Amino acid sequence: MEEINPLEEQIPRQRLKILCTLTFIYSSIVGFFALILMLLAKPFLEYLGENFEVLTSNMSEAQVKQLQIFLDLGSGKLIIGSGTYLLILGLSFFGALQMKQGKYKGFIMYLIANIFFLLSNILSLNILMSIFDIVFIALYFRQSKFLKR
């Protein structure tokens, strides 16, 4: 029989704990701003519309077009989009919470949520966030073998 070193057993737990803590911090910060955007969507868009000339005076033509597209969405679509984002972010957060408790189903929840984020980032050509998504999915995957099925 091979003897298991208690220190070697603690290292994967510590790595998983660090990953979950990073996920909690990120999800909390991003979730807070998504919630604020959802709650203040209508006044925010009204402010942008009223001050459009002042805000766009120092912007490039491409940035002005992006701002106009954002304004054309309207508050309803912005609220629905923020709400959907919060639901997916909540699934990711809850998955990380389950993994911190040692449950494999948490990894599945986290994976589903972050595949949505990854696809969204790839489609919007957000390379940096796509890389972060891939790295975190891979890191969690490496730790998933230590979770209870």
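**Close-up 1. Asparagine 58 in the loop between helix 3 and helix 4.** Asparagine 58 lies in the loop that joins helix 3 (52-56) to helix 4, where helices (H or I, at least four residues) are DSSP runs numbered from the N terminus. With a relative accessible area of 76%, asparagine 58 is exposed, a class that requires over 50%, whereas buried means under 20% and partly exposed covers the range in between (1.4 Å probe, protein chains only). Asparagine 58 and phenylalanine 107 are separated by 49 residues in sequence and by 45 Å in space, taken from C-alpha to C-alpha. This is a predicted model, in which local features need pLDDT of at least 70 and side-chain atom pairs count only at pLDDT 80 or more, while totals for chains, interfaces and linings use all residues. Residues are numbered from 1 along each chain as its sequence is written, and side-chain values use heavy atoms, with hydrogens and water left out.

**Close-up 2. The salt bridge between lysine 65 and glutamate 61.** A search of the whole structure finds 1 salt bridge, the term being used for a side-chain nitrogen of Lys or Arg within 4 Å of a carboxyl oxygen of Asp or Glu. The side chains of lysine 65 and glutamate 61 meet in a salt bridge with an N to O distance of 3.9 Å. These two residues, lysine 65 and glutamate 61, are 4 residues apart in helix 4, and so about one helical turn separates them. Lysine 65 is exposed at 51% relative accessible area, and glutamate 61 is likewise exposed, at 61%.

Close-up 3. The axes of helix 2 (residues 41-50) and helix 4 (residues 61-100) come within 9 Å and cross at roughly 160°; axes are lines fitted to C-alpha atoms, for helices over the stretch in contact, and angles run from 0 to 180 degrees between N-to-C directions. Helix 2 and helix 4 are therefore roughly antiparallel, a description applied to angles over 145 degrees, with those under 35 counted as roughly parallel, 65 to 115 as roughly perpendicular and the rest as oblique. Helix 2 passes helix 4 in a left-handed crossing, in which the near helix is turned anticlockwise from the far one by less than a right angle. For helix 4 and helix 5, the axes come within 7 Å and cross at roughly 150°, so that this pair, too, is roughly antiparallel, and the crossing of helix 4 and helix 5 is left-handed.

**Close-up 4. Helix 5, helix 6 and the loop that holds leucine 125.** Helix 5 and helix 6 pack at an angle of about 160°, with their axes 9 Å apart, and their crossing is left-handed. Leucine 125 is found in the loop between helix 5 (104-123) and helix 6 (127-143), and with a relative accessible area of 67% leucine 125 is exposed. The phi of leucine 125 is near 60°, a positive value in a residue other than glycine. Most residues other than glycine have a negative phi.

**Close-up 5. Serine 28 and leucine 39 in helix 1.** Serine 28 is placed in helix 1 and is partly exposed, with a relative accessible area of 43%. Although serine 28 and phenylalanine 93 are 65 residues apart in sequence, 8.5 Å separates them in space, C-alpha to C-alpha. Leucine 39 also belongs to helix 1 (residues 6-39), and at 57% relative accessibility leucine 39 counts as exposed.
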